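Dear colleague,

Please find below the structure that I promised to pass on to you. My notes on what was found in it follow directly after.

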Amino acid sequence: TPFSPHPTFILAIGWDGGHSPSAVIGQNQLGQCQIYAGLNAMHVGVLELIEREVRPWLQTYAPWALTNFGAALVHIIDPNMATPGQATILETAEKMIRKELGGRVVRGAVRWPPRREAILKALRPGNVGGRVPLVIADVMETAQLLHAFDGRWYYPVNDLQVDRTGPEKPNSPWADLGDASAYLLDWLQGGDSMQAAP
């Protein structure tokens, strides 16, 4: 059955930066993690991804998330996105996200193990109130993310040994979407209240 973001719950966006930035959008609705979009743009910056993909998606599917300075919106970012850029030390991807979309910014885990555990926890067998723990919308905006989860985001093999210290890099856009989804799922399954402020 189709599902969509709901204004009762906080809308979260997991971000991975660099020159193949990704934004994976989802919510935790009553214990079930729902992913609605996995957006990526190659050879651009975070501002271009926001202007071309993220803001139009939000305006179409969750316009309420852009009201009240993004009160119902949280961004979970790759910690490197808080580092000043090469063009000017006054600008960071973190500040750009806050300026363009509003909302609260949370820095994701630096190390790989917590991100890996977030993915494994979401994919575990089981149910939450009779529902699977994770659902991903079967729409055009999640096609690349589904390909990443279906084998294009993987561990490298060195000397016939699988290296589990982190996913293969560079491997765009798959690794970028995978990392963004890991930041998102870690937050959705873990911390703060998922209910939006009234």
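For a chain of 198 residues, a compact globule would have a radius of gyration near 16 Å, and the protein chain has 16 Å, which agrees; this radius is taken over C-alpha atoms, and the globule rule is 2.2 Å times the number of residues to the power 0.38. Along its principal axes, the C-alpha trace spans about 55 × 50 × 30 Å.

Please keep in mind that this is a predicted model, in which local features need pLDDT of at least 70 and side-chain atom pairs count only at pLDDT 80 or more, while totals for chains, interfaces and linings use all residues. Residues are numbered from 1 along each chain as its sequence is written, and side-chain values use heavy atoms, with hydrogens and water left out.

The protein chain has five helices and eight strands, where helices (H or I, at least four residues) and strands (E, at least two) are DSSP runs numbered from the N terminus. Read along the sequence, these elements follow the pattern β-β-β-α-β-α-β-α-β-α-β-β-α. Of the contacts with a separation of 6 or more, 66% are accounted for by residues 24 or more positions apart, a contact being heavy atoms within 4.5 Å.

Buried residues make up 50% of the 198 residues; here buried means under 20% relative accessible area, exposed over 50%, and partly exposed in between, with a 1.4 Å probe and protein chains only. The protein chain exposes about 10,200 Å², and carbon and sulfur atoms supply 55% of that area, as computed by the Shrake-Rupley method with a 1.4 Å probe, where for residues only the protein chains shown count as cover.

Turning to the charged side chains, the count comes to six salt bridges, each defined as a side-chain nitrogen of Lys or Arg within 4 Å of a carboxyl oxygen of Asp or Glu. One of them joins Arg-55 and Glu-100, at 2.5 Å from N to O. Because Arg-55 lies in helix 1 (residues 46-61) and Glu-100 in helix 2 (residues 93-101), this pair ties together parts that are 45 residues apart in sequence. Glu-100 counts as partly exposed, at 24% relative accessibility.

Another salt bridge is formed by the side chains of Arg-107 and Glu-94, at 3.0 Å from N to O. Arg-107 lies in strand 5 (residues 104-107) and Glu-94 in helix 2, so the pair ties together parts that are 13 residues apart in sequence. Arg-107 counts as exposed, at 51% relative accessibility, whereas Glu-94 is buried, with a relative accessible area of 10%. Glu-94 and Arg-107 are also linked with Arg-98 in a network of salt bridges.

Asp-179 forms a salt bridge with Arg-115, with the closest N and O atoms 3.6 Å apart. Since Asp-179 lies in helix 5 (residues 174-190) and Arg-115 in helix 3 (residues 112-123), the pair ties together parts that are 64 residues apart in sequence. Asp-179 is buried, with a relative accessible area of 1%, and Arg-115 also counts as buried, at 10% relative accessibility.

Finally, Thr-92 has its place in the loop between strand 4 (73-77) and helix 2, and counts as buried at 7% relative accessibility. Leaving aside neighbours within four places in sequence, Thr-92 is in contact with Met-81, Ala-82, Thr-83 and Pro-84.
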